[in-house]
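Hello,

Here is the structure I promised to pass on.

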Amino acid sequence: ARYAVDAADRPPVARSILAAGKLQGPGLRLREGEGEGSRVLGFGLGFGQPTAPRVLAMRALLLPMAAAAAAAVVADPPATPVWPEVFHAQLIQNGTGDLGIVDLFYDWPGGRNLNIITDAHDALGALWDNERNNGSTYYYHAGHAGDCKVIDMGVGILRPDWLKGSLFVGVEDVDGFTCNTWKAYADADTAHEVAAPGRRRLGDKAHPKAREPFLTYWAEVGTDRPVRWLFFDGALFNVVTFTPGEKLDEAMWAVPEYCF
């Protein structure tokens with residue numbers, strides 16, 4: 001991917017020159033004179049043959065900026081984040097103003113993923129979202145016999161490299177972290193198979209959002225620690241703690257007998 005350098009991203013002195021009308025357009029053209037009698041001196045990575053002292057001074061000022069802009073245009077994006085094969089994360093979930101706390105346990109070698117979702121409005125207590133790599137997901141409230149919903153998602157849990165192919169859109173400060181920002185797109189032909197954390201799939205491939213980013217993901221620069229992700233429908237997840245290698249007790253993975 002290559003990135004366009006916007007005028008707003010130029011150094012302050014360059015923005016000041018632009019604001020004063022000395023430079024015009026993305027080609028950084030320098031105009032001498034005013035009105036119909038003015039002429040463009042043609043600045044790109046260099047000037048034509050200007051001789052006026054003030055123009056030469058301008059060239060000395062702007063050539064380093066142009067070189068830096070050219071370097072930014074061809075810079076490679078960072079590698080997409082890859083999840084640890086085992087981790088525990090605590091999240092704050094904000095759907096439509098309804099807050100929840102999520103304990104996320106991810107176990108790629110074991111082929112399983114568990115979200116324990118505590119919502120103040122759920123009279124039965126925490127909802128367990130127990131996902132398996134064979135596509136089965138079990139929704140239940142622990143200790144409430146008969147309260148279980150089993151869904152065949154048709155897709156397994158997320159791979160550690162599930163963000164592969166996402167679009168890098170820049171660096172932002174989020175929740176006190178300097179983050180790389182990514183946008184994940186669903187293939188319109190396979191949107192019904194797309195999974196994401198907290199949302200197993202986008203929905204039918206004819207969904208009107210299928211060709212738009214279905215997820216924006218922020219990860220700390222240098223560590224790839226997940227900081228936040230936001231779904232196309234506004235559901236927001238903020239990562240409070242993230243502990244690679246932390247495992248859940250084996251007994252906690254067991255699906256209740258009343259789900260079968």
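Asp173 has Thr178 in β11 as its bridge partner. In total, 7 bridges join β10 to β11, and the two run antiparallel. They form a hairpin with 2 residues between the strands. Asp175 sits in that turn and has a positive phi of about 50°. Strands here are DSSP runs of E, at least two residues long, numbered from the N terminus. Two strands count as paired if DSSP finds at least two bridges between them.

Before going on: this is a predicted model, where local features need pLDDT of at least 70, side-chain atom pairs count only at pLDDT 80 or more, and totals for chains, interfaces and linings use all residues. Residues are numbered from 1 along each chain as its sequence is written, and side-chain values use heavy atoms, with hydrogens and water left out.

Thr181 has Trp218 in β12 as its bridge partner.

Now β6, β7 and β8. β6 (residues 112–119) and β7 (residues 127–132) run antiparallel and are joined by 6 bridges. Ile117 is partnered by Leu127 in β7. β7 then pairs with β8 (residues 136–140), again antiparallel, over 4 bridges. Glu131 stands opposite Thr137 in β8. The β7 and β8 hairpin has 3 residues between its strands, and Gly135 takes a positive phi near 100° there.

One residue deserves a separate look. Where is Arg225? It lies in the loop between β12 and β13 (226–231). Arg225 is buried (under 20% relative accessible area, 1.4 Å probe, protein chains only). Yet Arg225 has no salt bridge (a side-chain nitrogen of Lys or Arg within 4 Å of a carboxyl oxygen of Asp or Glu). The nearest side chain of opposite charge is Glu220, 5.4 Å away. Arg225 also touches (heavy atoms within 4.5 Å) other residues, including Phe177, Trp218, Val239 and Phe242; residues up to four places away in sequence are not counted.

Best wishes

Terms used: Buried means under 20% relative accessible area, exposed over 50%, partly exposed in between (1.4 Å probe, protein chains only). Lys and Arg count as positive and Asp and Glu as negative; His and the chain ends are not counted.
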